[in-house]
Amino acid sequence: MKLPNIKILDEKDKTLRLISKEVTFPLAKEDKDLINDAITYLTMSQIKKYYEKYNLRPGMGLAFIQLGLPKNIFVIVEEVDEEKFENYVIINPKMLSHSEELIYVGEGEGCLSVNREVEGIVPRYARMTIRYQDIDGNVKEIRVREDISVAFQHEMDHLKGILFVDKIDKKNPFKDKEKMREI
Ligand code: ZN
């Protein structure tokens, strides 16, 4: 595998604060290429041989705005088995419903745009259903849960210019811990 030449914006970059826009179809070739590059990058970042060789931080999600483009597109690469991956390409997502139950990632969320350890609770819905378009513009629905639900909400926040660190209470990073389930 060849490491794609993509540049991921750092949290200090104000571009990350832009609100991403609806995408129209058909997608431009450059957008399709960038989707493939993001998938390849995320996959390689989760394979030891590659993350060691290229000194990558492992990550499972990237929104287009992290690559400098304010478009409602994100990609998630989930390791479902040892070095076996499932990809999600999500365009123009809309949340249709979500669980009452809240969860948080005990070890803290990570983000390829945030190059530091951040402690604290980021409340997320345990389950949610979204409507979105696939790479060909077909309208679809998906129900996600647990860590994938967290990943989807993390990426959907990026499309609104929100970073996970914004959601942590600065004075009390573990506020309301008892009201949520740790995953
Ligand atoms: Zn992120």
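User: Is E22 buried, partly exposed or exposed?

Analyst: This is a predicted model, in which local features need pLDDT of at least 70 and side-chain atom pairs count only at pLDDT 80 or more, while totals for chains, interfaces and linings use all residues. Residues are numbered from 1 along each chain as its sequence is written, and side-chain values use heavy atoms, with hydrogens and water left out. Buried means under 20% relative accessible area, exposed over 50%, and partly exposed in between, with a 1.4 Å probe and protein chains only. Because its relative accessibility is 48%, E22 counts as partly exposed.

User: With which residue does E22 form a salt bridge?

Analyst: A salt bridge is a side-chain nitrogen of Lys or Arg within 4 Å of a carboxyl oxygen of Asp or Glu. The closest N and O atoms of the pair that E22 forms are 2.9 Å apart, and the partner is K94. The pair links distant parts of the chain, 72 residues apart, with E22 in the segment before α1 (29-45) and K94 in strand β3 (residues 84-98); helices (H or I, at least four residues) and strands (E, at least two) are DSSP runs, numbered from the N terminus.

User: Which residue meets D31 in a salt bridge?

Analyst: D31 is buried, because its relative accessibility is 6%. The side chains meet at 2.8 Å, N to O, and the partner of D31 is K71.

User: What is the relative accessibility of D134, which forms a salt bridge with K140?

Analyst: The closest N and O atoms of D134 and K140 are 3.2 Å apart. K140 counts as partly exposed, at 37% relative accessibility. D134, in turn, counts as buried, because its relative accessibility is 10%.

User: How many salt bridges does a search of the whole structure find?

Analyst: Side chains of opposite charge can pair when their charged atoms come close. The pairs D31 with K71 and D134 with K140 are salt bridges of this kind. For the whole structure, the search finds a total of 18.

User: In which strand does E79, a member of the patch of negative charge, lie?

Analyst: E79, D81, E82 and E83 gather in this patch on the surface. E79 counts as partly exposed because its relative accessibility is 35%. The strand that holds E79 is β2.

Conventions. Patches are made of residues with over 30% relative accessible area and no salt bridge: like charges are joined within 9 Å, nonpolar side chains (Val, Leu, Ile, Met, Phe, Trp, Tyr) within 5 Å. Accessible areas come from the Shrake-Rupley method with a 1.4 Å probe; for residues, only the protein chains shown count as cover. Lys and Arg count as positive and Asp and Glu as negative; His and the chain ends are not counted. The place of a charge is taken as NZ of Lys, CZ of Arg, CG of Asp or CD of Glu.
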